[in-house]
Amino acid sequence: MTVAVVGSGYVGTTLAACLADLGHRVTAVDIDESVVETINAGSVPAHEPGLDELVETHAGDRLRATTRSDAVADADVVFLAVGTPSAPDGSVDVAPIADATRAAADALADVDDRRLVVVKSTVPPPEIDRLRSILDDRAGDAVELATNPEFLREGTAVDDFLSPDKLVFGTESAWATETLASVYDRLRDGERVPIVDVDPETAMMVKYANNAVLAAKVSLANEIGNVCKEFGLDAYAVLAAVGLDDRVSERFLRSGVGWGGSCFPKDLSALIAAADAEGYDAPLLRAAVEVNDRQPERLLSLLEAHGDVADDRIAVLGLAFKPGTDDVRNSRAIPVIRGLRARGADVVAYDPVATEPMRELLPEVTYADSAAAALDRADGAVVVTGWDEFAALDDAFDRMDRPVVVDGRRVIERRDGIVYEGLTWPA
């Protein structure tokens, strides 16, 4: 099929490259000329394992990029994957996705054969009707709206796309459902991957509910972990047993310094704000956010229990919000670093791939070229991102002046010569 993907961020670029890998002819549309040039050169604008190989393989053949919004006119299916940023009150700023919908509608206004415009961006269900109205007003009767939320995790986005747990189609006609099924036909391996076929608003609510459940599960694990720490118990031993219950499962039960990134914080805030707009307070969702926001402060409190950090050199290991990505949006390292600086500490930070994005956000911090360099002469260290390389730092801890290590991700092994503190497990 001929497919256009509007928006070339994490989701859009992954979608475009993976669809090209499935055999479709894909045009990626973005307003940023540098992003377009990067994709056409066979590279990617962000760190995502496996994505650079796909783009390099298909760029110039089944994948091309352009800044021309009218390029969608030739597409059988147009995916809208532009950003939906949070407004100051936590609600979603729908202006970018509305603008993208207008541009697509205008480009498709004169088509005679049926076309499908698919909202891939995460948009609150009440806003879907606004996008539907834009298409109805500006495009012909042949153009139909659908939604198809994504469930991609940064760091494993390509694998998640190619091996999905489910495909959620928000459609209003059998033709739209069949069209989306054709797009993903090579993924389904017969009927191994279930299709959830609902209306567009319900499909988008599935995405919000999915992330709300996962975020609440992590926050519940952290709350249990905090209680375990007070009791002198190991939350990992407790939650490993809980995870054996098939009603629960072990996934997302790793307690630690909390969740970050773009999806959980933005989606929970948007869902809370949308519920507020309808006159409903969502206390459980608010509690999930509150528990998450407290975890960085608990990490710093454990560090301070071993001495005042004012004027101390403190190493912060890990800046990305999770391993496998260079994304620092809502990373737990941000409140940790700001909390350390507010206490008068001299922060030296390191991450394998996310140093430059964090440097743009927090230029006043010193950044090391390696974990060992960050630990050199340090009076304490905190682990914020669970990169595998941090598990092999034994000799590097010998370079610390005061080897106090507070681990927020359970990646450091206890060893002689360091004072080790786990965030939700005993010292």
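Modeller: R415 forms a salt bridge with D398, with 2.9 Å between the closest N and O atoms; the term means a side-chain nitrogen of Lys or Arg within 4 Å of a carboxyl oxygen of Asp or Glu. This is a predicted model, in which local features need pLDDT of at least 70 and side-chain atom pairs count only at pLDDT 80 or more, while totals for chains, interfaces and linings use all residues. Residues are numbered from 1 along each chain as its sequence is written, and side-chain values use heavy atoms, with hydrogens and water left out.

Biologist: Which parts does the R415 and D398 pair tie together?

Modeller: R415 lies in the loop between β13 (404-407) and β14 (419-422), and D398 in the loop between β12 (380-383) and β13, so the pair links parts that are 17 residues apart in sequence. Strands here are DSSP runs of E, at least two residues, and helices are runs of H or I, at least four, numbered from the N terminus.

Biologist: How many salt bridges are there by this rule?

Modeller: The count comes to 31. One of them pairs E201 with R132, the closest N and O atoms being 3.1 Å apart. Because E201 lies in helix α8 and R132 in helix α5 (residues 125-138), this pair ties together parts that are 69 residues apart in sequence.

Biologist: Is R132 buried or exposed?

Modeller: R132 is buried, with a relative accessible area of 12%, whereas E201 is partly exposed at 22%. Buried means under 20% relative accessible area, exposed over 50%, and partly exposed in between, with a 1.4 Å probe and protein chains only.

Biologist: Changing topic, what is the volume of the second largest pocket?

Modeller: Its volume is about 1,000 Å³. A pocket is an open set of points on a 1 Å grid over the protein atoms alone, where a 1.4 Å probe fits, with protein on both sides within 12 Å along at least five of seven lines; lining residues have an atom within 4 Å of a point. The volume is the space filled by probe spheres set on the points.

Biologist: Which residues are closest to its centre?

Modeller: Of the 43 lining residues, G7, G9, A81, V82 and G83 are the closest to the centre. Helix α4 gives the largest share of the lining, five residues.

Biologist: And where does E356 lie?

Modeller: E356 lies in helix α13 (residues 355-361) and is partly exposed, at 45% relative accessibility.

Biologist: Where does V248 lie?

Modeller: V248 lies in the loop between α9 and α10, and its relative accessible area is 31%.
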